Amino acid sequence: MTAERKVFWSVPDIGADEKRAVLETLETGWLGMGPKTKQFEKDLSAYTGAKHSVVVNNGTSALLTALMTLGVAPGDEILIPTYTFVATASSAIALGAVPVLVDCDPATFNVGAREIESALARHPRAKGIIFVDVAGLPADIDAIRAVAERHHLWLLEDAAEAFAGVYKTTKIGNYDHITIFSFHIAKQVTTVEGGAIQTNRDDLVERLRLVRSHGEGKEKYVHVELGLNFRPTDIQSAIGIAQLKKADHYIDLRNRIARLYVEKLGDHLTFQAVPPYATRPTWMILMVLAKDKGERDRLNAHLNAHGVDTRIPWPPIHRQPYFTARFPPAACPVADATFDRALSLPIGNALTMDDAGYVIDTVRAFYGASR
Ligand SMILES: Cc1ncc(COP(=O)(O)O)c(C=O)c1O
C-alpha cells in the first residue's frame, strides 16, 4: 500500500542561524573544542541556572564521563531503571559495574522513591543510583534525592531526554547531583550528536573536565587522571548556541502537540501521567499505551501503512539479549507490560500542527474502523 502522506517520527529544525553558525566557525579556523564550546557552556549554565556545564560529544559520553568522575569501579552495584534507552545501563556496564535493574511506575514510566527503596532492600551494598526522566517527563527528584541521602549513595540523573524540563520550579540540571543531557538529532536541542553535564558542585567540575580530555592536567601530555576523549567540536557547539536560543519555543511546541494528542486521542490511548511536580515535560518522545500488545501492534501497522512513522520504545534492559546473556534474570513486570503496550507517535521541533492533525486522524480512523 502506498501512503498518501509521510509524517516522520522526528524532524529537527535546522535553519539559517545554525548554517551561519557552522560557516562562521569554519572560517575562524578553530574547529576543535575551543571558544564556541566555552560559550555554549556559559549559555547552558545561564539557561538552567546550573553553576557548571561541561559539553561533550554525545549523551553516552556524558554518562561515561559522569560515572568515571564518580569513581565507579568494577563490581560496584548501581541501581538503574530497566525501562530506558540502552545507554543508561551500557555506560555503567562498560566500566565493570553490576546493574541492579529497577522496575518503573505504571503511570509515569519513571522510577520513584518506592521502586528505589524496594531495590535497595534487596541490594544493600549498592553504591549509587542512576535515574531517568523518561521521554522528558521529570522524575520526582526531591523524593529520589532524599532516598540517596538517607542511604549515602551518589546520584546521577540521566536527563538525556529532558533538557529544558522543569521540576517544581527548578530547571533540570540546576542541582548538586550530576545531570547529563543528550543533544542527539531527535532531541529538543540538538548539535547533531552531542551532550552536556551539569552540576552545582565545585568539587566535581575539575574532574569532569579532566575525564573529558584524557585526564590531561595543566601540562601538555601529562595525564593526572584516567580520562578518554569525549570532547565536542566547536562546530557542534556553534550549532548548540543557535539551537539553545530556540529551546523554549521547541518545548512550547512539543507541549502544544502533546496536549492536542491527549485531547483528541485520550479516549483510545493512555498517555504518560504528568504529576504536579513535573511542571514542564519536554516530550522528546511522545509515548502512548494501547489496550494490549495485539492492539498496539495492529495500530502500529495501520499508522505505518498510512505514512505515519512510529517507534516502539524500548525493550527494557532486562530483556535485551546482551543483558540476558550475562546477568541473572530480573523481575520487572511493570516495565514488561509497558513495553508490550507502548508506541511512540511523531513529535519534533519541525512537526507542524497539520502533521499532528494527520496523525490524530489516522489513529482515530483505526479505532473507528476497528469498532
Ligand atoms: C535515556 C538516554 N540516555 C542516554 C542516551 C544516549 O545519548 P546519545 O545518543 O547522545 O549518546 C539517550 C539517547 O537517546 C537516552 O535516551
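About 340 Å³ of space lies in the second largest pocket, where a pocket, on a 1 Å grid over the protein atoms alone, is an open set of points where a 1.4 Å probe fits, with protein on both sides within 12 Å along at least five of seven lines. Grid points are joined across faces, edges and corners, and a volume is the space filled by probe spheres set on the points. The model is predicted, so that local features need pLDDT of at least 70 and side-chain atom pairs count only at pLDDT 80 or more, whereas totals for chains, interfaces and linings use all residues. Residues are numbered from 1 along each chain as its sequence is written, and side-chain values use heavy atoms, with hydrogens and water left out.

The second largest pocket is lined by 13 residues, and Met33, Arg209, Leu210, Arg212 and Ser213 are those that lie nearest its centre; lining residues are those with an atom within 4 Å of a point. Two or more residues of this lining come from each of α2 (35–48) and α7 (202–212), helices being DSSP runs of H or I with at least four residues and strands runs of E with at least two, numbered from the N terminus. Helix α7 gives the most, with four residues. By class, the lining of the second largest pocket holds two nonpolar, four polar and seven charged residues, where Ala, Val, Leu, Ile, Met, Phe, Trp, Tyr, Cys and Pro count as nonpolar, Asp, Glu, Lys and Arg as charged, and the others, Gly among them, as polar.

The largest pocket has a volume of about 540 Å³ and is lined by 30 residues, of which Phe85, Glu161, His184, Lys187 and Met284 lie nearest its centre. Because domain 1 (16–244) and domain 2 (248–370) both give residues to its lining, the largest pocket lies between them; the domain bounds come from an automatic or database domain assignment. At least two lining residues are supplied by each of α3 (59–69), α4 (87–94) and β8, and the largest share, three residues, comes from α3. The lining of the largest pocket comprises 15 nonpolar, 10 polar and five charged residues.

Strand β5 (residues 154–158) is mostly covered, with five of its five residues buried, that is, under 20% relative accessible area, against over 50% for exposed and values in between for partly exposed (1.4 Å probe, protein chains only). Trp154, Leu156 and Asp158 point one way from β5, while Leu155 and Glu157 point the other way. Strand β4 (residues 128–132) pairs with β5 in the parallel sense over five bridges, pairing being assigned if DSSP finds at least two bridges between two strands, and Ile129 stands opposite Leu155. Three bridges join β5 to β8 (residues 178–182), and these strands run parallel; within β8, Thr179 is the bridge partner of Glu157.

Most residues other than glycine have a negative phi, and most peptide bonds are trans. Ala164, however, has a positive phi near 80° and is placed in the loop between β5 and β6 (166–167); because its relative accessibility is 1%, Ala164 counts as buried. Lys168 likewise has a positive phi, of about 50°, and is found in the loop between β6 and β7 (170–171), but its relative accessibility of 39% means that Lys168 counts as partly exposed.
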